[in-house]
Amino acid sequence: MKPAPAAEKLFFGAALFSASISLFILLFMVVLGLPLFKDGFFLRLFTDPWRPDHGLYGISAMIAGTLGVSFLALVLALPLSLGCAILISIIRPPVFGRLLEKTVQFMTGIPTVVLGFVGVFLLVPFIREQFGHGSGRCLLTAALVLAVLIAPTMILFFCDSFSRIPASWLRAADALGCTPMEKFRHVILPNSLQGLAGGTILAMGRAVGDTMIALMLAGNAVAAPHALLDPARTLTAHIALVVAADFDSLEFKIIFACGLLLYAITLAMTLLIRGLDRGNGGRTW
Amino acid sequence: MVRAPRLRDRALIAFSWFSGLGLLAIFAVVIGFLLARGWSSLRPELIFGDTPPVQALLFRQQVFDGLFPAIIGTLSLVLLAMTIAVPLGLAAGIYMAEYCRGSARRLGLFFDILAGVPSIVIGLFGLSLTIFLHRHFFGRLYPCLLVSALALAFLVLPYLIRSTQTALEEIPRTVRLSAPALGASRLQNIFLVLLPRSLKGISSGILLATGRCAEDTAVIMLTGVVASAGIPRSLLGSYEALPFYIYYISSQYGSRQELQNGFGAAVILLFVCALLFTAALVVRHRLAKRFFHR
């Protein structure tokens, strides 16, 4: 048993270092964005427009862009994912169900940039021609592709939470003469609400955190979008676009505020999922 | 039974089929479009341009109008990132599964947080780390291959830790206890019994993480990838990468030929990720089967 303590220290060191990275990221965002917290400047981030040439550095348009794109994507993806999950784990058509499940698993592996690339050359011209105005790069285009990106994650998560219902409950429902769909509506659905909420939050986190889809397809105009066909810029795309600026400029410091905000949003979602999980009595991912 | 529920049943079934077929159609359109536009450009010229392939592969001659530098860039990036991430992730995963007791279990929270951090924020962290080190310690450090690999390693670390931990924890108690009962030390038990037993779960996690490294664009955009740099010459130099090339082409292609190369690159990246992903699924599936037969 002699060498064990040294090895344990080594393993513990690796775990501690890995865990500390998430704290270091937060620390760097706060320290490098520190100049923004002085003199009430921080509040003006949320009220000013983004006009660096006039000394105005508000990011409210980007916040609106992020919320708009990800909510729309979620609204599009949620019913689709629920339907697919029902088909895969409740209706279970013998061949098609397996095929769909494999396809969904495969879809989680499609590179984001490839999905964005297809969006640029397939969906953008289509939207432009259908609606006849603008460049075709808008809130709707980005949200549609983003929905395709997050749907597979949601479907697999939903299927997983459906399969957690104890078999004895399902047999009881069968014994009472429930049709599969009645079993779903009265037994499975009410008992997997936490899982559904967890999957939805996870997908929302993916949508908020994704950079490439919005950067390639949303148009990146600095104005809060008011309609589906308005261009929008998300916080993530803003970071990618501004990063080329001079490192010492205030413009550059603003992206740490964006980073901090994104960190806070995803942190809140992670905590929420963990909270739901604890209520569920087990780890789901 | 009354009629109303049956109607609802039927509506729900119809809706589910509609969703399933819809998703499959979307998938078919995406893949079909890519293959239809990109298949024809999958020729040696796509990768090597006008340079003779042998000369390029031996690094004797530079490739200017092909994907070769981007492919080599992505390859070195992935290799470097996994070299950093795998030992760290395995060690941390082993700790979480085998040693960690009591309040240290809370470390799991930080891995979950890290897994949730958007990749662009990790890229921003990599960039700010570079600026910090450049100002205070190494004046010669700029965004480069090494920084990108480090940031990518941070990105996939939580997945590696989780998959290692889960694979180890799935081992049945009887197996877990038999070697120590025969007098094996804890470390011998881990390296001679537990790790070999969970090799499939761990390697499927590694394969998935490799795919994630190969496809991520946001991290490398902020940490040193450029549109044209040639073959990466050193760890501290800038480099090209496939995903960034695809993004770059989609935003500013100069000619039909370049656009065609972009489609070719997209097909190649899709193929690479699909291969890694399928390998991971096959490996994991085998694992699942083994457990069912026990």
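My entries follow, by topic.

**Ground rules**

I am working with a predicted model, where local features need pLDDT of at least 70, side-chain atom pairs count only at pLDDT 80 or more, and totals for chains, interfaces and linings use all residues. Residues are numbered from 1 along each chain as its sequence is written, chains are lettered from A and ligands numbered from 1 in the order in which they are written, and side-chain values use heavy atoms, with hydrogens and water left out.

**Chain A overall**

I began with chain A and found 12 helices and 2 strands; these are DSSP runs numbered from the N terminus, H or I of at least four residues for helices and E of at least two for strands. Along the sequence the order reads α-α-β-β-α-α-α-α-α-α-α-α-α-α. The C-alpha trace of chain A spans about 70 × 70 × 30 Å along its principal axes.

Of the 285 residues in chain A, 54% are buried. Here buried is under 20% relative accessible area, exposed is over 50%, and partly exposed is in between, with a 1.4 Å probe and protein chains only. I get about 12200 Å² of accessible surface for chain A, 67% of it from carbon and sulfur atoms; areas come from the Shrake-Rupley method with a 1.4 Å probe, and for residues only the protein chains shown count as cover. Among contacts in chain A with a separation of 6 or more, 71% are between residues 24 or more positions apart, a contact being heavy atoms within 4.5 Å.

**A nonpolar patch**

Next I looked at the surface of chain A. A:Phe24, A:Leu27 and A:Val31 make a nonpolar patch there, with about 270 Å² of accessible area together. Patch residues have over 30% relative accessible area and no salt bridge; like charges are joined within 9 Å, and nonpolar side chains (Val, Leu, Ile, Met, Phe, Trp, Tyr) within 5 Å. A:Leu27 sits in helix 1 (residues 4–32) of chain A and is partly exposed at 46%.

**Cysteines**

How many disulfides are there over all chains? I count 0 in the whole structure, the cut-off being a pair of cysteine sulfur atoms within 2.5 Å. For A:Cys84 the nearest cysteine sulfur is that of A:Cys159, 8.6 Å away. A:Cys84 is buried, at 0% relative accessible area.

**Salt bridges**

The whole structure has 10 salt bridges, each a side-chain nitrogen of Lys or Arg within 4 Å of a carboxyl oxygen of Asp or Glu. One of them pairs A:Asp160 with A:Arg164 at 3.4 Å, N to O. Both ends are partly exposed: A:Asp160 at 28% and A:Arg164 at 42%.

I then checked A:Arg274 and B:Asp112, whose closest N and O atoms are 2.6 Å apart in a salt bridge. A:Arg274 lies in helix 12 (residues 250–280) of chain A and B:Asp112 in helix 5 (residues 107–116) of chain B, so this pair joins two chains. B:Asp112 is buried, at 7%. A:Arg274, B:Asp112 and B:Arg162 are linked in a salt-bridge network.

B:Glu98 and B:Arg176 also meet in a salt bridge, at 2.9 Å, N to O. They are 78 residues apart, B:Glu98 in helix 4 and B:Arg176 in helix 8 of chain B, so to speak distant parts of the chain. B:Glu98 and B:Arg176 are buried.

**Helix 8 of chain B**

I stayed with helix 8 (residues 173–181) of chain B, where B:Val175, B:Arg176 and B:Ala179 are buried. They cover an arc of only 105 degrees around the axis, so they are on the same side of the helix; the arc is taken from the directions from the helix axis to the C-beta atoms. On the other side, B:Arg173, B:Thr174 and B:Ala181 are exposed. The cover over the buried residues includes helix 4 (68–99), helix 7 (145–169) and helix 9 (186–197) of chain B.

A:Thr103, in helix 4 (residues 94–107) of chain A, is buried at 8% and touches B:Leu24 and B:Phe27, not counting residues up to four places away in sequence. B:Thr164, in helix 7 of chain B, is buried at 0%.
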